[in-house]
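Please find below a colleague's note on the model shown here.

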Amino acid sequence: MSIEVNNVVKVYGKQRALDDVSFGIGPGEIVGLLGPNGAGKSTLMKIITCFIPPDEGLVKVCGHDIFEESLLVRQKVGYLPEHNPLYLDMYVREYLEFIAGIHRLGHSARSKVAEMVEITGLTMEQKKKIGALSKGYRQRVGLAQALIHDPEVLILDEPTSGLDPNQIQEIRALIRSIGKEKTVMLSTHIMQEVEAICDRAIIIHRGRIVADDPVSALMKESSLEDLFHRLTKSVI
């Protein structure tokens with residue numbers, strides 16, 4: 001399994017942000033994590049990427065435990081957080097070279113930066129300051145930094161949030177292309193996003209998984225949007 005999550009619990013004060021969450025994601029899957037705001041999506045992704053620890057449970061990425069082998073997990077994972085953290089005063093290529101240095105890519109750094117610039121469609125923007133880019137191109141820079149060390153698993157938190165329709169289509173196409181070679185997990189509350197990109201959907205509500213099936217199976221009896229509203233309103 002690329003991602004194994006077993007009986008994970010995370011508590012903030014009196015709130016159980018994650019309540020006994022378990023699932024597995026195999027190599028080459030593109031999985032959408034659906035849920036309303038506050039459902040626990042970002043918390044779950046932060047746990048998988050070793051940013052915060054769970055209070056209970058076990059998580060492994062590519063067979064590596066997030067507690068005992070966190071550095072190996074970080075090497076296997078590319079992560080684009082919901083609020084894309086970029087150095088706005090740096091130039092695109094300069095920033096990617098900086099990230100390549102953090103990952104200690106050595107002699108391959110320059111060629112890897114050039115590859116990421118091409119893959120993410122940043123060729124015309126690579127000599128611009130990140131602060132001068134549109135939000136769509138900033139998302140591309142975020143994807144480039146997440147991919148530069150060639151991770152096996154890509155974790156994307158709301159990758160198209162705030163983008164215009166053309167930018168959304170471009171980022172979705174890019175994610176689909178990346179998903180041909182990597183395991184991808186993305187969070188969203190946009191039903192069309194899951195239908196357009198994902199093989200499988202996990203719906204989470206109030207910290208609990210309320211559905212986990214292939215997208216085609218979830219849509220057999222009703223639209224994904226109808227199912228989502230029904231499940232997220234009925235769970236107490």
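**Notes on the model**

1. Asp 20 counts as partly exposed because its relative accessibility is 46% (buried means under 20% relative accessible area, exposed over 50%, partly exposed in between, with a 1.4 Å probe and protein chains only). Asp 20 lies in strand 2, residues 15–25. Its phi is positive, near 60°, in a residue other than glycine. Helices (H or I, at least four residues) and strands (E, at least two) are DSSP runs, numbered from the N terminus.

2. On provenance, this is a predicted model in which local features need pLDDT of at least 70 and side-chain atom pairs count only at pLDDT 80 or more, while totals for chains, interfaces and linings use all residues. Residues are numbered from 1 along each chain as its sequence is written, and side-chain values use heavy atoms, with hydrogens and water left out.

3. Arg 104 sits in the loop between helix 3 and helix 4. With 77% relative accessibility, Arg 104 counts as exposed.

4. Helix 4 spans residues 109–119, and its buried residues are Ala 109, Lys 112, Val 113, Met 116 and Val 117. Viewed down the axis of helix 4, these buried residues fall within an arc of 140°, so they line one face of the helix; the arc is that of the directions from the helix axis to the C-beta atoms. An α-helix has 3.6 residues a turn, so residues three or four places apart point the same way. Arg 110 and Glu 118, on the other side of helix 4, are exposed.

5. The buried residues of helix 4 pack against helix 3 (92–102) and helix 5 (135–147), where contact means heavy atoms within 4.5 Å. After helix 4 comes Gly 121, with a positive phi near 70°.

6. The axes of helix 3 and helix 4 are 9 Å apart, and the two helices pack at an angle of about 130°. Axes are lines fitted to C-alpha atoms, for helices over the stretch in contact, and angles run from 0 to 180 degrees between N-to-C directions. That angle makes helix 3 oblique to helix 4 (under 35 degrees counts as roughly parallel, over 145 as roughly antiparallel, 65 to 115 as roughly perpendicular and the rest as oblique). Helix 3 contributes Arg 93, Leu 96, Glu 97 and Ala 100 to the contact, and helix 4 contributes Ala 109, Arg 110, Val 113, Ala 114 and Val 117.
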